[in-house]
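Let's take a walk through this protein together, starting with the strands and ending in the core. Keep the 3D view open and turn it as you read.

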Amino acid sequence: MTNKEFALHDVVEMKKQHPCGENRWKIIRMGMDVRIKCLGCQHSVMIPRKEFAKKIKKILEHSED
Ligand SMILES: [Zn+2]
């Protein structure tokens with residue numbers, strides 16, 4: 001794991017894949033909690049930021065903005 005710095009609109013891979021079989025999530029909201037959306041089924045979940053940082057496996061796409 002080289003870079004765990006994540007930002008809004010990045011696409012990330014989590015340690016556990018979503019039950020739908022997809023494992024690419026887009027960060028759609030950042031705050032005390034992070035909201036991510038599954039790119040497979042569009043389901044979104046809210047996770048406390050600290051917990052999110054632990055569950056993230058890697059960043060697949062860095063947002064440019
Ligand atoms: Zn899903």
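Before we start, one term: a residue is buried if 20 or more other C-beta atoms lie within 10 Å of its own, exposed if 12 or fewer, and partly exposed in between, with C-beta atoms placed from the backbone. Helices (H or I, at least four residues) and strands (E, at least two) are DSSP runs, numbered from the N terminus. What you're looking at is a predicted model, so local features need pLDDT of at least 70 and side-chain atom pairs count only at pLDDT 80 or more, while totals for chains, interfaces and linings use all residues. Residue numbers start from 1 along each chain as its sequence is written.

Now for the overall picture. The protein has one helix and five strands, and reading along the sequence gives the pattern β-β-β-β-α-β. Its radius of gyration, taken over C-alpha atoms, is 11 Å, close to the 11 Å that the globule rule gives for 65 residues, so the protein is as compact as a globular protein of that length. That rule is 2.2 Å times the number of residues to the power 0.38. Along its principal axes, the C-alpha trace spans about 25 × 25 × 25 Å. Buried residues account for 14% of the 65 residues.

Next, find the sheet. It is open, its five strands are ordered β4-β3-β2-β1-β5, and the pairing is antiparallel. Two strands pair if DSSP finds at least two bridges between them. At the edges stand β4 (44-48) and β5 (56-61), each with a single partner strand, so one side of each is left without a neighbour in the sheet.

Let's go through some of the pairs. Strand β1 (residues 11-14) and strand β2 (residues 25-30) are joined in the antiparallel sense by two bridges, and V11 sits opposite K26 in β2. Between β2 and β3 there are five bridges, again antiparallel. These strands make a hairpin with two residues between them, and M30 has V34 in β3 as its bridge partner. Moving on, β3 and β4 also run antiparallel and are joined by five bridges, with R35 opposite M46 in β4. They form a hairpin too, this time with five residues between the strands, and Q42 in the turn has a positive phi of about 70 degrees.

Stay with strand β3 (residues 33-38) for a moment. Which residues lie on its covered face, and which on the uncovered one? V34, I36 and C38 are on the covered face, while D33, R35 and K37 are on the uncovered one.

That brings us to the inside. A nonpolar core is a set of buried Ala, Val, Leu, Ile, Met, Phe, Trp, Tyr and Cys residues joined through C-beta atoms within 7 Å. The largest one here has nine residues: F6, V12, W25, I27, V34, I36, C38, F52 and I56. Two or more residues come from each of β2 and β3, and β3 gives the largest share, three residues.

Finally, look at F6, in the segment before β1. F6 counts as buried because it has 21 C-beta neighbours inside 10 Å. Two residues are in contact if their C-beta atoms, placed from the backbone, lie within 7 Å. Not counting residues up to four places away in sequence, F6 touches V12, I27, I56 and I59. Leaving aside neighbours within four places in sequence, F52 is in contact with V34 and I47.
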